[in-house]
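Hi,

Here is the structure I promised to pass on. Have a look at it first, and then read my notes below.

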Protein chains: 2
Amino acid sequence: MTKIAATNVTWHHGHVDREQRYGMLKQRGTTIWFTGLSGSGKSTIAYTVEHALVERGHLSYVLDGDNIRHGLNKNLGFSPEDRTENIRRIGEVAKLFADTGVITLTSFISPYRADRDLVRKIHEEGKLPFVEVHVDVPVEICETRDPKGLYKKARAGEIKEFTGISAPYEAPLKPELTIVNTTMSVADAATQVIEYLLSKKLIPAL
Amino acid sequence: MTKIAATNVTWHHGHVDREQRYGMLKQRGTTIWFTGLSGSGKSTIAYTVEHALVERGHLSYVLDGDNIRHGLNKNLGFSPEDRTENIRRIGEVAKLFADTGVITLTSFISPYRADRDLVRKIHEEGKLPFVEVHVDVPVEICETRDPKGLYKKARAGEIKEFTGISAPYEAPLKPELTIVNTTMSVADAATQVIEYLLSKKLIPAL
């Protein structure tokens with residue numbers, strides 16, 4: 001096996017410093033936490049923001065039901081205890097992503113205030129920015145949209161413990177951002193998030 | 001609120017394509033999974049490889065006991081069931097990291113073959129590279145090193161189910177790489193990993 005150029009570098013021990021990765025990426029790791037009812041438009045907005053961030057040259061990633069519920073959290077259900085553990089795990093993963101330097105968007109109903117506050121605390125302790133975004137749409141409107149037919153099933157009793165129908169949703173008291181996503185376009189909602197990140201200098205102007 | 005440049009971009013829906021992030025990072029997401037006994041040198045090698053990768057301009061991150069056992073997996077112990085769940089969760093997180101484009105190094109004893117094979121399967125299903133690295137050091141040598149005094153405690157019965165003493169270690173049958181880390185320097189061990197990544201074109205030559 002021939003020796004490679006790497007043998008000329010200084011070998012360091014211990015974890016690479018966060019700032020070194022941030023410098024390489026030219027961005028700081030941040031968690032943008034979308035919360036709101038099923039059908040409020042969380043994922044649509046999160047995906048749209050992800051695209052906008054990537055077009056601006058930022059490494060960005062969405063954690064949502066598709067990649068979490070079928071993977072990391074596939075052994076969890078929808079009981080209050082499991083919902084709490086679901087959010088705790090997602091919060092810890094988001095923290096690792098942010099430590100790596102990724103602008104991470106999470107899209108989960110996350111109905112309990114205490115669970116979201118725990119995730120906020122985890123980030124604060126890790127000195128990582130946490131942006132709670134409340135996608136605020138009344139349950140009556142979400143139920144009319146019902147893109148996945150879940151409200152219908154919940155009303156029929158086919159889904160137990162469905163947030164807004166048979167399980168509580170505790171709206172954030174002081175979210176960093178509220179998106180009243182009733183009549184606005186997805187582009188306007190996403191723009192609101194990008195403008196917030198710009199205003200807080202979490203991403204640089206173009 | 002003033003309109004920003006972002007309103008000129010095309011708004012996309014759905015998840016950003018993996019290749020788009022890979023292109024931005026100029027690298028492909030990969031999981032490098034170190035397995036071996038306590039004291040075999042897994043973490044030291046992983047950290048050293050992480051530094052070498054970052055110096056080569058690659059976004060790289062180590063998942064290890066420090067950031068996993070006190071966070072995501074703090075509700076797990078060391079029973080066989082908990083060890084299995086520990087590795088499963090780490091495997092799922094590594095997969096998400098690799099999907100994001102990060103070269104992820106994991107440093108865990110991960111004593112059970114079936115658990116590691118499950119993580120391999122998760123990666124294969126996700127079409128993500130999985131590099132199993134066996135840091136191969138006989139238990140007698142690890143016990144003499146005993147950097148954290150754990151073997152001493154295990155012999156004294158103060159730690160139950162300690163791998164190599166009172167719990168089994170199942171060595172990989174076909175690891176991508178074996179590092180016989182008995183007399184070699186950390187630099188040589190790390191070089192072996194970098195050379196493997198180069199040989200498989202998982203990272204480009206400088």
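Before the helix pairs, a word on how their geometry is set: axes are lines fitted to C-alpha atoms, for helices over the stretch in contact, and angles run from 0 to 180 degrees between N-to-C directions. Helices (H or I, at least four residues) and strands (E, at least two) are DSSP runs, numbered from the N terminus.

Bear in mind that this is a predicted model, where local features need pLDDT of at least 70, side-chain atom pairs count only at pLDDT 80 or more, and totals for chains, interfaces and linings use all residues. Residues are numbered from 1 along each chain as its sequence is written, while chains are lettered from A and ligands numbered from 1 in the order in which they are written.

Let's start with chain A as a whole. Its secondary structure comes to 8 helices and 5 strands, and from the N terminus on the order is α-β-α-β-α-α-β-α-β-α-α-β-α. The C-alpha trace of chain A spans about 70 × 40 × 30 Å along its principal axes. Of the 206 residues in chain A, 45% are buried. A residue is buried if 20 or more other C-beta atoms lie within 10 Å of its own, exposed if 12 or fewer, and partly exposed in between, with C-beta atoms placed from the backbone. Two residues are in contact if their C-beta atoms, placed from the backbone, lie within 7 Å. Among contacts in chain A between residues at least 6 apart in sequence, 76% join residues at least 24 apart.

Now the helix pairs. In chain B, helix α2 (residues 42–55) packs against α8(B) at an angle of about 60°, and their axes are 9 Å apart. That makes α2(B) oblique to α8(B). For the wording: angles under 35 degrees count as roughly parallel, over 145 as roughly antiparallel, 65 to 115 as roughly perpendicular and the rest as oblique. The α2(B) and α8(B) crossing is right-handed; a crossing is left-handed if the near helix is turned anticlockwise from the far one by less than a right angle, and right-handed if clockwise. On the α2(B) side the contact is made by B:Thr44, B:Ile45, B:Thr48, B:Val49 and B:Ala52, and on the α8(B) side by B:Val186, B:Ala189, B:Ala190, B:Val193 and B:Ile194. By class, that contact has 8 nonpolar, 2 polar and no charged residues. Here Ala, Val, Leu, Ile, Met, Phe, Trp, Tyr, Cys and Pro count as nonpolar, Asp, Glu, Lys and Arg as charged, and the others, Gly among them, as polar.

In chain A, α2(A) and α8(A) pack at about 60° with their axes 9 Å apart, and α2(A) passes α8(A) in a right-handed crossing. Among the residues that meet there are A:Ile45 and A:Val49 in α2(A) and A:Val193 in α8(A). Leaving aside neighbours within four places in sequence, A:Ile45 is in contact with A:Phe34, A:Val135, A:Ile179, A:Val186, A:Ala189, A:Ala190 and A:Val193.

A:Ile45 also turns up in the largest nonpolar core, which has 96 residues; those with the most contacts inside it are A:Ile45, A:Val49, A:Val93, B:Ile45, B:Val49 and B:Val93. A nonpolar core is a set of buried Ala, Val, Leu, Ile, Met, Phe, Trp, Tyr and Cys residues joined through C-beta atoms within 7 Å.

One helix pair joins the two chains. The axes of α4 (residues 80–100) of chain A and α3 (residues 65–72) of chain B come within 10 Å and cross at roughly 155°. That makes α4(A) roughly antiparallel to α3(B). A:Arg89, A:Glu92, A:Val93, A:Lys95 and A:Leu96 in α4(A) meet B:Asn67, B:Gly71 and B:Leu72 in α3(B). This contact has 3 nonpolar, 2 polar and 3 charged residues.

Finally, two lysines to look up. Most residues other than glycine have a negative phi. A:Lys26, though, has a positive phi of about 55° and lies in the loop between α1 and β1 (30–35) of chain A. With 12 C-beta neighbours inside 10 Å, A:Lys26 counts as exposed. B:Lys201 has a positive phi of about 55°, in the segment after α8 of chain B. B:Lys201 is exposed, with 9 other C-beta atoms within 10 Å.

Happy browsing!
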